[in-house]
Amino acid sequence: MAACVTRVELSVSCRSLLDRDLRSRSDPLCVLLQEVGAGRWAELDRTERIKNCQNPEFSKKLLVDYHFEKVQKLKFGVYDIDNKSFDLSDDDYLGGIECTLGQVVSSLVFTRPLELKQGKPAGKGTITISAEEIKDTRVVYLEIEARNLDKKDFLGKSDPFLEFYKQNDAGIWQLVYRSEVVIKNNLNPCWRKCSVPLQTFCGGDFNKPIKVECADHDSDGSHDLIGTFETNLTQLQKAGDGSPVEFECIHPEKKQKKKSYKNSGIIRIKSCKIETEYSFLDYVMGGCQINFTVGVDFTGSNGDPKSPDSLHYISPDGINEYLIAIWSVGSVVQDYDTDKLFPAFGFGAQVPPSWQVSHEFALNFNPSNPYCQGIQGIVDAYRQILPQIRLYGPTNFSPIINHVARFAAHSAQQGTASQYFILLIITDGEITDLDQTRQAIVNASKLPMSIIIVGVGEADFKAMEFLDGDNGVLKSLTGEPAARDIVQFVPFRQFKNAPREALSQMVLAEVPKQLVSYYKWQGWPPVKPPEIKMM
């Protein structure tokens, strides 16, 4: 069982960033990476992008698990984002730093000059990081609207947005939330329901001062203040059940200049609720079993298993890329499954006795009981079946995805967070039934299920990257979007010379978020919820 660790949130701000845009200022975003071994880095989190700003204060906090016993090397990178692509390789790098999480958590405020590369400063740019331990898993949900805001734009009405600040122990106002959606040309806006972790919002102190600013958004970054007010969570909580809490939005300079000044509008808190947000460990420790299934590609493009050139060739030391992938991922997942019985299937081969091509055959040749005892059982079944089948084709994923989805659908009917399913598909190349697989993934996205695809060999894996959905929401052929992102694709070649645990860390990194997102979407708490320790 994974150790229970402390969760830390990092607040990031920058000053004097380089200006990479010709006609405007940079549009920065900060990404957080952690070293996973052998000089390889995996992305942990990223902030929002702020338009036209050289001194950004990011409202999205970066989350990281803190292990006292490990040296956790971190890399913060700041990029100027000029497109909608998730990939940062086509964006301008504004500088970064490398440090350890220990350095950050042991400093009240951690400020360093940004570097374009080691020893080369990024102009006068600096980055400031502060850490706060998350001791409380409750979340504040707010519904907010405004009435009769001041008009700020010469040719139109205001484009209002909100910012919430908490006062830290040093008396400094720290940004905790910025409304994502700027409401255009509207003096009576109703913002989208928002959520902020209670720890972030007020450190768990319901009487801690909260400052709310309402401003008119300008595309050049020179936002105009409409007004502000101070409150606390105790006051905000009085909103709900049709009776909002109202605050006058006051512009300090206007109030000073005009005796007749009343306010610059009214901010109405329609609803303020506090709910518990459960973590991956809450679900696992609360009784959720993780069911692990393996699908192995036995298509002809792998090559004859007897030939050393084949991806299925077992070397004299008893391994190949398929076996390493099974061991790497399975050895982590098996800790979360009590019975240690794992179904394992092959696809794309001709199987005896009829020698028909099958896209879903049990590795142990027992369709009524395809379970293998532990990860070693999967490995043994794989080794035994290799000489008994004929590698063939095509490469169809949808049958095995639909197979696991049937079990996940049956489990979902129970309406409890008791079973989650992980399907590991190991494949050597291009998928044949792409349209059917897209539909199968979209269907599975509504179920307690995640899919990991490990690509072995040197093939072009563009279709796999498309299924991963990192560059946008995956849609079926009919245009139906996936309810959530459930696919993680990793090419094995990136990990050939890395420690074995680096592959499992990369492919399993998304699973906790995917599991939590499913149960949150369904509104299901852990089977045995944790006791909330009130602060």
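Predicted model: local features only at pLDDT ≥ 70, side-chain atom pairs only at ≥ 80, totals over all residues.
Local features are taken where pLDDT is at least 70 and side-chain atom pairs where pLDDT is 80 or more, while totals for chains, interfaces and linings use all residues. Residues are numbered from 1 along each chain as its sequence is written, and side-chain values use heavy atoms, with hydrogens and water left out.

A nonpolar core is a set of buried Ala, Val, Leu, Ile, Met, Phe, Trp, Tyr and Cys residues joined through side-chain atoms within 4.5 Å; buried means under 20% relative accessible area, exposed means over 50%, and partly exposed lies in between, with a 1.4 Å probe and protein chains only. The largest such core has 84 residues, and those with the most contacts inside it are Phe292, Phe298, Leu363, Ile378 and Met449. A second, separate core holds 30 residues, among them Tyr177, Phe201, Val245 and Cys272.

Helices (H or I, at least four residues) and strands (E, at least two) are DSSP runs, numbered from the N terminus. Helix H12, which covers residues 511-522, reaches 17 Å from its first C-alpha to its last, close to the 16 Å expected at 1.5 Å a residue, where the expected span is 1.5 Å times one less than the number of residues. Within H12, the buried residues include Val511, Leu515 and Tyr519, and just after the helix Gly523 takes a positive phi of about 75 degrees.

Strands pair if DSSP finds at least two bridges between them, and an open sheet of three strands has the order E20-E19-E23 with antiparallel pairing. Its edge strands are E20 (356-358) and E23 (390-391), each of which pairs on one side only. Three bridges join E19 (residues 349-351) to E20, and Gln350 stands opposite Val357 in E20.

A salt bridge is a side-chain nitrogen of Lys or Arg within 4 Å of a carboxyl oxygen of Asp or Glu, and by this rule the count comes to 20. In one of them, Asp65 meets Arg7 with the closest N and O atoms 3.0 Å apart, and this pair links strand E4 (residues 62-66) with strand E1 (residues 6-15), the two residues being 58 residues apart in the chain. Asp65 counts as partly exposed because its relative accessibility is 30%. Another salt bridge joins Glu145 and Arg147, at 3.4 Å, and salt bridges that share partners join Glu145, Arg147, Glu246, Arg268 and Lys270 into one network. Glu145 is buried, since its relative accessible area is 8%, whereas Arg147, at 30%, counts as partly exposed.
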